[in-house]
Amino acid sequence: MNPEPPKDVVVDDKKINISNGDVNGTVVKLDDQLGAGFSDVEMKKIIGEKKEDCSLNSVEMNKIGESNAKEVNHQIQSNGTNGYNNYMPAIKAQAHFPKPQPPPQPQPELERSQSVSPAENMPSIGKYIKDRSTTLSAAIIKRLSSLTEDGEDFVVKNDSLNLEVTEIKIPGVKVIVKLKSEDERFDLKGRITFFSRSNCRDCTAVRKFFREKRLPYVEINIDVFPKRAKELVERTGKSEVPQIFFNEKLLGGLVTLNSLRNSGELDKRMRELLSQKCPDGAPKVPVYGFDDDEDEEEEEKDELLGIVKLLRQSLPIQDRLIKMKIVKNCFAGDDMLEVIIHHLDCGRKKGIETGRQLAQKHFIKHVFGENDFEEGRHFYRFLEHEPFITACFNFRISVNDSEPKSPSFLADKLARLMTAILEAYASDDRHHVDYYRIGKSEEFRRYLNLTRDLQRVDLQLLSPDERLAFFLNLYNAMAIHAVITIGHPEGILDRRAFFGDFQYVIGGYPYSLSVIQNGILRNNRKSPYSLVRPFGNGDRRLKFAPAKVNPLIHFGLCNGTRSSPTVRFFTAQGVEGELRGAAREYFQNGAIEINLDKRTVSLTRIIK
């Protein structure tokens, strides 16, 4: 059963009544084609008075008779019940008809808590933006068309890569052309591996060559992975570096690489040896956290560790009021002495000597730093209970209880590790450092493990030059760690957190960047805009400061800012000459300006 058609149809604000085949008040002429929109509409007033306000007064009305109305009725009745099958609810108006305008909608009254959006008050903003974007798009298309027609492309030739790059210059538009790397051009499927060491000129030359050629490579630095040195000897028969491998095949060192490059045979050898997927016999890629996990032999346990564990379990550790101060997590020296004598079954003198050994190895410390260990009513606490310990970034849950390593060994290893990090993740001029990749690298993970060995190291065993190089390198390494952890300092509060709050525990004492620079390297001098010195009277860290301050230290300290000197790491054997070279390089890079006309010299603020 077909539903009945609607009774009323509205055309241009005029109501058309259709009922039982009769058309009342208006005559409508339907198009002959089924399913099409009405292409012609003619209206004539038949019944009723002519209204003065008619919405169709702009359309010329044609006179039609009653025969036209009968013809419409006949067509409606002949095409289904009540003519509903051919009823079209939408009427397509002709172009010359005026478009109907919707009646104005009354604006709702707003409460006091409501506000009108700026977009409602400024309807022309959207149209303005649309017009501007259309104009900009047209200008870009026009510019591109003019470049295509004129053929005025710019060709830039890179001699180092032997490539030609087309550069299109469009005002307001940045076009970036990415060059294909050598492995993409040659379809290389193999792997390039080379063994290296830190501070090796030949290794630096090989690394620079691969970077310029955009060749991916795997570097195995045997200063970072010492156990791989044995593999190097087994594969090449010698320990010299660099040694380059194409898959499992040994290519040679820098001399061989230069010879093949100069003769033009390098590309041919690369296609021959690197066209196949890398086999299992090639040098393995170092894996984060799993490649000969720690290069050293199993750590030796401290001979006093058994006594320390017993003391931690036996002593009554609690908060006490001492000299009108509340001291947390401390114990009495007499109580510790009684436990040692009972455990070792020894005399009182032997017990006191054992207590001093514990203090010298930084297992325990006097709450006020007055002495190492003495008999009497003195109070001490373990290193892990010091108030500053949890704020130190080289402390993880517990103190490193292994036997402290040689400070000379740790200082040398720190310098080699950080040099390897810079060579792998910094630009050749060291002006740009990829801190993100450093933080995710295996080299940096090993550096963090190394810093745990500094917790109880004895710095008194270092010579003056070793101590100077150690603190310079430690400062630069801590700055890199601070940038990775807390970011670059921007405001006053950030600078305080960066230079003062970021700390390591070294030899049982806390060291921040400010303490290292002003307290140690500058021999306890005030930092800029500070009213107090880093160390107070009796601070035991003062004994590590040099007797005479070397002013060139300022050119060896890099805090990660653009104005600071280039980051570098020093050796104990040549630290004085390396500092002079750092100062010379810093001034050559624009730190000094001389105006002969005005007879003035402008210097960097570091000189102040």
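Author: Happy to! Four strands make an open sheet here, in the order E7-E6-E8-E9, and the pairing is mixed. Keep in mind that this is a predicted model.

Reader: Which strands stand at the edges of that sheet?

Author: Strand E7 (218-221) and strand E9 (249-252) do. Each has a single partner strand, so one side of each is left without a neighbour in the sheet.

Reader: And by how many degrees are neighbouring strands turned against each other on average?

Author: By 25°, with direction ignored.

Reader: Nice. How many bridges join E6 to E7?

Author: Four bridges join strand E6 (residues 192-196) to E7, and the two run parallel. As an example, Phe195 stands opposite Ile220 in E7. Helix H5 (residues 201-212) packs on this sheet, where it touches E6, E7 and E8. The direction of H5 makes about 155° with that of E6.

Reader: What holds strands together in general?

Author: Strands of a sheet pair through backbone hydrogen bonds, either parallel or antiparallel.

Reader: Let's move on to the other sheet. What is its strand order?

Author: The order is E10-E11-E13-E12, again an open sheet of four strands, with antiparallel pairing. Strand E10 (318-322) and strand E12 (364-366) are the edge strands, and each pairs on one side only. Neighbouring strands in this sheet are turned by 55° against each other on average, direction ignored.

Reader: Which helix packs on it?

Author: Helix H10 (residues 333-344), which touches E11, E12 and strand E13 (379-382). The direction of H10 makes about 10° with that of E11.

Reader: I'd like to zoom in on E10 and E11. Over how many bridges do they pair?

Author: Over four bridges, in the antiparallel sense, with E11 covering residues 325-332. Arg320 has Val327 in E11 as its bridge partner, and Leu321 is partnered by Ile326 in E11.

Reader: What about the hairpin, how many residues are between the strands?

Author: There are two residues between the strands of the E10 and E11 hairpin, and Lys323 takes a positive phi near 50° there.

Reader: Which residue has a positive phi of about 65°?

Author: That is Arg430, which is not a glycine. Arg430 is in the loop between helix H12 (407-425) and helix H13 (435-439). Asn523, also not a glycine, has a positive phi of about 55°. Its place is in the loop between helix H17 (513-521) and helix H18 (575-591).

Reader: How exposed is Arg430?

Author: Arg430 is partly exposed, with a relative accessible area of 24%. Asn523 counts as partly exposed too, at 29% relative accessibility.

Reader: Changing topic: how many residues are in the largest nonpolar core?

Author: It has 65 residues. The members that touch the most other members are Leu459, Phe470, Phe471, Leu472, Leu474, Ile506 and Tyr511. Helix H15 (residues 464-486) gives the most to this core, with 12 residues. At least three residues come from each of domain 1 (192-275) and domain 3 (407-583).

Reader: Let's take Leu472. What is it in contact with?

Author: Leaving aside neighbours within four places in sequence, Leu472 is in contact with Leu521, Ile553, Leu557, Phe570, Val575 and Leu579. There is also a second, separate core of 19 residues, which includes Leu315, Val339, Ile341 and Tyr380.

Reader: Last one, the whole chain. How many helices and strands are there?

Author: The chain has 18 helices and 17 strands. It has 608 residues, of which 38% count as buried. Among contacts with a separation of 6 or more, residues 24 or more positions apart account for 64%.

Note on methods
Residues are numbered from 1 along each chain as its sequence is written. This is a predicted model: local features need pLDDT of at least 70, side-chain atom pairs count only at pLDDT 80 or more; totals for chains, interfaces and linings use all residues. Side-chain values use heavy atoms; hydrogens and water are left out. Two strands pair if DSSP finds at least two bridges between them. Axes are lines fitted to C-alpha atoms, for helices over the stretch in contact, and angles run from 0 to 180 degrees between N-to-C directions. Contact means heavy atoms within 4.5 Å. Buried means under 20% relative accessible area, exposed over 50%, partly exposed in between (1.4 Å probe, protein chains only). A nonpolar core is a set of buried Ala, Val, Leu, Ile, Met, Phe, Trp, Tyr and Cys residues joined through side-chain atoms within 4.5 Å. Domain bounds come from an automatic or database domain assignment.
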